[in-house]
Amino acid sequence: MSSWFKRKEKGIQTATEEKKDTPRGLWYKSPTGKIVESEDLAKNFYVSPEDDYHVRIGSKEYFEILFDDNKFKELDEKLSAKDPLKFVDTKKYSERLKAAQQKTGLKDAVRTAIGKSMGKELVIACMDFSFIGGSMGSVVGEKISRAIDVAKKKKVPFLMISKSGGARMMEAALSLMQLAKTSAKLAQLAEAKIPYISLCTDPTTGGTTASYAMLGDINIAEPGALIGFAGPRVVKDTVGKDLPEGFQTSEFLKEHGFLDFISHRKELKKKINLYIDLITNQPIRS
């Protein structure tokens, strides 16, 4: 029995440029399936209004949220990583760096800046997960350390916004050295009695959690953030037991004493500055 329809020409399909797809970035779909216009998402601090899901954002968006009128002076903006180990896996590390810089427009996985937040100066270091998974390499450690030095010199509070997959394997031991380096710098900040606020966002894992992310005078987080050293699946496979519900979420960590507070993103600026005023025994700004 012959088919009633036969394709005479093979490989006929609509050319990519002819497809009528919805423009990228016009809509955002949250993990729970809620759909929101990108413009409305931005107006709502990049939080899905229906399910309150906090979308992952980077330094650009956090600076917009936290600095008054988005005015700030970026620190060490041209500092860029090298490849001293000549590391190669499926691709050269130097090529990965170049590709990440071209794709993201960033020099590395952290940006640092100083500006006013609710009228008072604040130094912020903010990680970008889009740059090689927010991995912590030599430049990340150096920029954070230099930002801490600025905070110490100017006697200005320091805010660290973590969003990282952990140490950068392509830099091996050089990456691991950043744990001790940044921790030592934070100890100097503490000795100078300058406030340090640590904000953990989704995800905060690995060496980042094992160092500066958990050393704040006050440790806070956004709702639903994954925070831990190893991922839940790795932990489960290691201990061979089922994990508690919500394990390694910010809510779980707060319940078990690892966090002081969980803040909705629209309240971040107000809450951070409230803590600073309380720590420094200054009149509370409103």
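**Stop 1: the largest pocket**

Select K155, V156, P157, I276 and T280; of the 16 residues that line the largest pocket, these lie nearest its centre. A pocket here is an open set of points on a 1 Å grid over the protein atoms alone, where a 1.4 Å probe fits and with protein on both sides within 12 Å along at least five of seven lines; lining residues have an atom within 4 Å of a point. The volume of this pocket is about 220 Å³. That volume is the space filled by probe spheres set on the points, with grid points joined across faces, edges and corners.

Now colour β5 (120-127) and α9 (268-279), the elements that give two or more residues to the lining. Helices (H or I, at least four residues) and strands (E, at least two) are DSSP runs, numbered from the N terminus. The lining divides into 7 nonpolar, 3 polar and 6 charged residues. Nonpolar covers Ala, Val, Leu, Ile, Met, Phe, Trp, Tyr, Cys and Pro; charged covers Asp, Glu, Lys and Arg; the others, Gly among them, are polar.

A word on what is on screen: this is a predicted model, where local features need pLDDT of at least 70 and side-chain atom pairs count only at pLDDT 80 or more, while totals for chains, interfaces and linings use all residues. Residues are numbered from 1 along each chain as its sequence is written, and side-chain values use heavy atoms, with hydrogens and water left out.

**Stop 2: the second largest pocket**

Select T209, M214, I227, G228, F229, F247, Q248, F252, L253, H256 and F258. They line the second largest pocket, whose volume is about 180 Å³. How many of its lining residues are charged? None: the lining divides into 7 nonpolar and 4 polar residues.

**Stop 3**

Buried means under 20% relative accessible area, exposed over 50%, and partly exposed in between (1.4 Å probe, protein chains only).

Centre on V123. Leaving out residues up to four places away in sequence, V123 touches L75, A113, I114, A147, V150, A151, V156, P157, F158 and L159. A contact means heavy atoms within 4.5 Å.

**Stop 4: salt bridges**

Side chains of opposite charge can pair when their charged atoms come close. The rule used here for a salt bridge is a side-chain nitrogen of Lys or Arg within 4 Å of a carboxyl oxygen of Asp or Glu. The count comes to 16.

- Select R146 and D76. Their side chains meet at 3.0 Å, N to O. R146 is in helix α4 (residues 138-154), and D76 is 70 residues away in the loop between β3 (72-75) and α3 (93-104). R146 is partly exposed at 32%, and D76 is partly exposed at 27%.
- Select R96 and D89. Their closest N and O atoms are 2.9 Å apart. R96 is partly exposed at 25%, as is D89 at 30%.
- Select R168 and E171. Are these two buried or exposed? R168 is buried at 0%, and E171 is buried at 4%. They meet in a salt bridge of 3.9 Å, N to O.

**Stop 5: backbone exceptions**

Most residues other than glycine have a negative phi, and most peptide bonds are trans.

- Zoom to D202 and P203. The peptide bond between them is cis, with omega near -5 degrees. P203 lies in strand β7 (residues 196-204).
- Go to N70, in the loop between α2 (59-66) and β3. Its phi is positive, near 55 degrees. N70 is partly exposed at 34%.
- Finish at I132, in the loop between β5 and α4. Its phi is also positive, about 45 degrees. I132 is partly exposed at 23%.
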